[in-house]
Amino acid sequence: MLSITPQQDSDLQDIETLLDECFGNDRQVKTVYKLRQDVASIRELGFVIREEGQLKASLQFWPVMIRSHNGRKWPALLLGPIAVKASKQGQGYGIALMEYALERAHELGHERVILVGDEPYYRRVGFSRDLAVDLLLPGPVNYKRVLARELVPGAMKDVAGVIQSAK
């Protein structure tokens with residue numbers, strides 16, 4: 001069984017190193033990273049997996065807002081980045097982190113989660129393109145990869161608009 005623990009301040013450098021290994025050090029130019037600029041991750045939803053003191057996987061969430069053209073808005077979580085050490089990929093670390101963190105997000109009262117990723121993988125933890133078809137991002141993105149999950153049934157009903165930073 002994997003030991004999932006809350007992310008600590010002392011983990012931040014190891015997390016950055018892992019993110020560089022998984023996504024490259026130019027990852028900050030992606031549209032989803034712009035949603036994270038100048039906004040703190042949600043501390044109580046940051047988790048890591050360590051083995052023998054070494055970071056093997058991490059997951060963070062960020063607050064975002066979905067704003068419609070008529071001014072209506074819905075708070076949401078942006079899942080990611082999720083990173084798993086190359087030697088541990090395919091062994092359930094990512095899925096375990098997401099299942100744990102999504103349950104915790106639900107317990108904390110969050111209703112909806114957005115991410116950009118491959119649907120066949122993220123469908124395993126309840127994400128769907130169908131729930132995100134009316135969502136836009138403020139920059140270039142492959143919209144087939146914009147996914148959503150309801151933590152509360154019906155939370156994505158009639159939700160449509162641009163995903164923006166919560167700042």
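These legends go with a set of close-up views of one predicted model.

In this predicted model, local features need pLDDT of at least 70 and side-chain atom pairs count only at pLDDT 80 or more, while totals for chains, interfaces and linings use all residues. Residues are numbered from 1 along each chain as its sequence is written, and side-chain values use heavy atoms, with hydrogens and water left out.

**View 1**
Helix α1 runs over residues 12-23; helices here are DSSP runs of H or I with at least four residues, strands are runs of E with at least two, and both are numbered from the N terminus. With twelve residues, α1 reaches 16 Å from its first C-alpha to its last, close to the 16 Å expected at 1.5 Å a residue (the expected span is 1.5 Å times one less than the number of residues). Its buried residues are I15, L18 and L19. They sit on the same side of α1 because they cover an arc of only 100 degrees around the axis, the arc being that of the directions from the helix axis to the C-beta atoms. "Buried" means under 20% relative accessible area, "exposed" over 50%, and "partly exposed" in between, using a 1.4 Å probe and protein chains only. The buried residues of α1 pack against α2 (31-36), β2 (47-51), β3 (54-67) and β4 (73-84).

**View 1. The largest pocket.**
This pocket holds about 700 Å³ of space. For the grid-minded: on a 1 Å grid over the protein atoms alone, a pocket is an open set of points with protein on both sides within 12 Å along at least five of seven lines, where a 1.4 Å probe fits, and lining residues have an atom within 4 Å of a point. Points are joined across faces, edges and corners, and the volume is the space filled by probe spheres set on them. The lining has 34 residues, and F23, I82, V116, Y122 and R145 lie nearest the centre. At least two lining residues come from each of α1, α2, β4, α3 (93-107), β5 (112-116) and α4 (119-122). The top contributor is β4, with seven residues. By type, the lining splits into 18 nonpolar, nine polar and seven charged residues; Ala, Val, Leu, Ile, Met, Phe, Trp, Tyr, Cys and Pro count as nonpolar, Asp, Glu, Lys and Arg as charged, and the others, Gly among them, as polar.

A76 is part of strand β4, and it counts as buried because its relative accessibility is 8%. Leaving aside neighbours within four places in sequence, A76 is in contact (heavy atoms within 4.5 Å) with W62, P63, V64, I66, R112 and I114. L108 is 32 residues from A76 along the chain, and their C-alpha atoms are separated by 13 Å. P81 is also found in β4, and a cis peptide bond joins G80 to P81, with omega about 5 degrees. At 19% relative accessibility, K88 counts as buried; with neighbours within four places set aside, K88 is in contact with E51, K56 and Y93.

Q13 is 94 residues from E107 in sequence and 28 Å away in space, C-alpha to C-alpha. Just after α3, G109 takes a positive phi of about 95 degrees.

**View 2. Two aspartates with positive phi.**
Most residues other than glycine have a negative phi. D38, in the loop between α2 and β2, has a positive phi near 60 degrees. At 73% relative accessibility, D38 counts as exposed. D158 has a positive phi too, about 65 degrees, and is found in the loop between β7 (146-150) and β8 (161-165). Its relative accessibility is 57%, so D158 counts as exposed.

**View 3. V141 and its contacts.**
V141 lies in the loop between β6 (135-136) and β7. It is partly exposed, with a relative accessible area of 24%. Beyond its neighbours within four places in sequence, V141 is in contact with V116 and V146. V116 is 25 residues away in sequence and 8.4 Å away in space, C-alpha to C-alpha.
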